[in-house]
Amino acid sequence: MKKHNSVKQAVRYALCSGAAVAAIVSLSANAADTPIQEVVVTGSRIAQPNMSTTSPVTQVTAEDIAVQGVTRVEDLINQLPQAFAAQNATVANGSTGTATVDLRGLGSPRTLVLVDGRRMPYGGVTSASAAPDLNMIPAAMVERVEVLTGGASAVYGSDAIGGVVNFIMKKDFEGVQFDAQYGLYQHNNDFNGPGQTKLRDVIAANAQGNPQQFALPKSNVTDGESREFNFVVGASTGDGRGNVTLYGGVRDNKAVLQRDRDYSACSLVANPKTSFACGGSPTSFPGYFYTGGEAFTIDSGTGNTFRPFDENTDLYNFGPTNYYQRPDRRYTMGAVGHYELAEHADVYAQLMYTNYESVAQIAPGGNFFDSNTVNCDNPLLSAQQQATIGCTPAMIAAGDDATLYIARRNVEGGGRQDRFSNSSFRGVVGVKGPIAEYWDYDVYMQYSKGQSAPTTNNYFHKLRIPRSLQVVADPVTGAPVCKSVLDGTDPACVPWNPFQIGGVTPESLGYLQVPGIQRGTIEQEIYSGSVTGDLGGIGLISPAASDSIKMVVGVEHRTDHIDNVTDDALASFLLSGTGGPTIGIAGSTKVLDLFTEINAPLVQDKPFADQLSVELAYRYSDYDDLSTDTYKVGMDWAPIEDVRFRASYQRAIRAANIVELFTAQGFNLFDLPGDPCGADLAGTAAAASDAACLATGVPAGQLRSPSLDSPAGQYNFLQGGNQELTPEKSDTYTYGIVLQPSFLPKLQMSVDYFDIKIDDTISTFGAENTLDACYFQADAAACSRVNRDANGNYWRGDGFIEDLNINIGSLSTKGYDLSVSYSGVELGGFGALNFNLSGTLLKELLTEPGPGIEAVECVGKFSGSTCGTPKPEWRHHFRVGWSSPWSVDVSLTWRYLDAVENINEITNNIDYKLGAQSYFDLAANWSVTEKASIVLGINNVLDDNPPLSSAVGTTGNGNTYPQTYEALGRWIFLRGQVSL
């Protein structure tokens, strides 16, 4: 004990000395020493004597983080029934290197994320990464997470349309705490799908003909190891006037490749009717060589002659090299503290720093039809190849060009990679205290800065590909040499030999592979001040109430600045297989907010009115060239103490974020089952008329041609920002009942109805919607945005669908939230049980893309550019906890998701429906001593396989949606914590 005290005193002396120099400060008194009389609950800035509000708030505690064994905060938040899949570590194709949360399925940018009630900054410099990055949250410092769903812009400002996630950090920590966790995935590969498809047998059959691309995964795999270490050190001054807490941590997660799961080791053939089969892409290895009339590949027997390309056996299996889980490493550190300088001045500060690195890897790149000719006298061509592509002796002698489109994977160079290196800093400095009796103030400044340095690797440079194929014999040495070397236009050119298996050299890859480099910075400054008053001091109390009216008035000024610079290879779309250009961006926005809030108890402790109160809030926001008003009206009525009714209406707004305003225009890819004028959709309701196809530029000879359909199901579209965007407006209605019956004091139950409607959504019309409007509604404006190339394509060449940011359409969602808890069910001498259920019944999730376009209902659906990840009608999270008398607590969690169906309604496909999923998690917490504990847990105990679909596109990964379903197997973890 003496040694413990000396350690504690030494820590206290060191930290408090540092606090005196740095003036690092924190938030509120230690709850263990000073009982909290009033608390601030998310959704209001006014402290209240209880946790009840007019808007429903869901709470996640530090205990939940421990028993789930999560090392990534977003994994825990996304398990909530109110949250839907967003950016996380399972996203590879389209990854931003960030972690985000999407409440109500309305989009991550419409979810506001706070730390102790203060706004978090943007997560990145692209439209997909503009939402706050949860990688910045130190899990070891989280005391609880409060989630409010529905509009809250009147209280917190723009972006709180879908709701608010508020991370409440530990305060006035004293002592030293260390925690460490090790975890890994374990999975048995035994997938049996619809039609009794045993995928191990399917892969094994394909491996006989193509062992390079189809390797059978081990029957039992362990991978995805995760290691995390954190510390928290804190001390208070001897007089209790101040405290400072330091924290730090490191997390290291290893990669999981799709090759190691039988359900992702091969790319599924689209539209399976009876059983799953392996498919792939014609951009293949050893290659797809197209003369304009016939397609060939290289005969593996000879290694340098062509044979006809077989669509059944020669497609490239692009699954194995994709990351199922990205590897990442994160460092966090920070400090919080406060010191009461005087009776009216409690100075506080909060500093947070995060460095995050990760790699997203997808299948190898190469030449994606980026060249269309080859010279006939190319010495790398065999005589048989010359003849096959139509080179006559005269053409060879003259060095004429022959038509030859090449689609070949760069297997020698490895998978395409996006390497993310992000660092974020957030600092808050403020002062608060009483102004006079009944009146308090709080003034602070917040500065945030995020820096991003992503690098794109293993992509071919489009301009260098044709040069490396224009090869002749050196007139001096006779060795193959690039024409551009001889004529001096590109002395660095090195011949590339895709015509012979094993012919590609490291030197040629050194020439063709060019990195893409970005450097981005995003900054945010906030200056805020508010005054909170208890109006009872001036006699403003309802004659029928015992508590007085309280109010807040305040002002806030926020400035955002973005600057992202890209190199020429990215900006000019010179990297083959990137989907489109990445163009630099720069711009600034600012807003001045004036806000007020009132909490007025009207009747208390009366018959049929144990409590009747109203909440009012209003915010005026002045942007550069426009202004908005947001407001809230809420009512809370408890006729008796056991029953409470609550209702609220809120007008919320979301102003265009800085990325949506200033993003430069460029190309990208969208998913589509087939071109309405192509062969894949011929004879279906999704096929356009011949007249409409001809009118939009399809040559007569290409009508219903397979060449119009992308083999990968991906097509080009033009995206970009718009500085004329106006704010979105939403109306949120909530009605609920809270039951805490006195005859069952251990039971707490609430049911809440939500109704959210957003108008003037800042979005794109949708490339798929543009096609529908053009071909099936004769919308001339939509048809003008369909740009086909000379061959009628918009998946290759210079064809594309225009789809820029605009204010158009609406989003709406309706449903019910259910929360039930029952605690302390005694088991005699065997401890007690606790029960908790949280569920959401989704009744509507409707997207209206714009005038004249039929609304799309996504409840119970998945896939397509509109619905994306699965949107189950019912989801729940049910936990049973057992507190044993032997210092061991055990919890069993049941996570459930309803079945969903493909939005494209191809009902005769075996993957049309993704079945309902149940996951069971088990954890045991052993309190070894008062200062040490160990948690052992297994998530997805039954090692359930994920439901599979061939239609997940770029929204999913590995033939499923790992953001939604457990796709990696059992998660086994061991966590230890020691306090000094």
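**Local geometry and burial in the predicted model**

D760 lies in the loop between β38 (747-759) and β39 (762-763). The model is predicted. Phi of D760 is near 55 degrees, a positive value in a residue other than glycine. D760 counts as partly exposed, because its relative accessibility is 33%, a value that falls between the 20% limit for buried and the 50% limit for exposed.

N458 also shows a backbone feature of note. Its phi is positive, about 70 degrees, although N458 is not a glycine. N458 is found in the loop between β26 (455-457) and α8 (464-469). At 18% relative accessibility, N458 counts as buried.

Helix α14 spans residues 767-777. Eight of its eleven residues are buried, so the helix is largely enclosed by the rest of the structure. The buried residues of α14 are A767, E768, N769, T770, L771, A773, C774 and Y775.

Helix α5 covers residues 199-209. Here L199, R200, V202, I203 and A207 are buried. These residues cover an arc of only 160 degrees around the axis, which puts them on the same side of α5. Q208 and G209 are exposed on the other side of α5. The buried residues of α5 pack against β10 (197-198).

A cis peptide bond joins F285 and P286. Omega for this bond is about 10 degrees. P286 is found in the loop between β13 (256-257) and β14 (288-290).

Two strand residues were examined for burial and contacts. S448 lies in strand β25 (residues 439-452). S448 is buried, with a relative accessible area of 1%. Beyond its neighbours within four places in sequence, S448 is in contact with P121, F425, R426, I522, E523 and Q524.

P639 is placed in strand β33 (residues 627-640). P639 counts as buried, because its relative accessibility is 14% and the limit for burial is 20%. Leaving aside neighbours within four places in sequence, P639 is in contact with F608, A609, D610 and F645. P475 is 164 residues from P639 along the chain. The C-alpha atoms of P639 and P475 are separated by 99 Å.

Conventions:
Residues numbered from 1 in each chain as written. Predicted model: local features only at pLDDT ≥ 70, side-chain atom pairs only at ≥ 80, totals over all residues. Heavy atoms only, no water. Helix = DSSP H or I, 4+ residues; strand = E, 2+ residues; numbered from the N terminus. Buried < 20%, exposed > 50% of the residue type's maximum accessible area, 1.4 Å probe, protein only. Contact = heavy atoms within 4.5 Å. Arc of directions from axis to C-beta.
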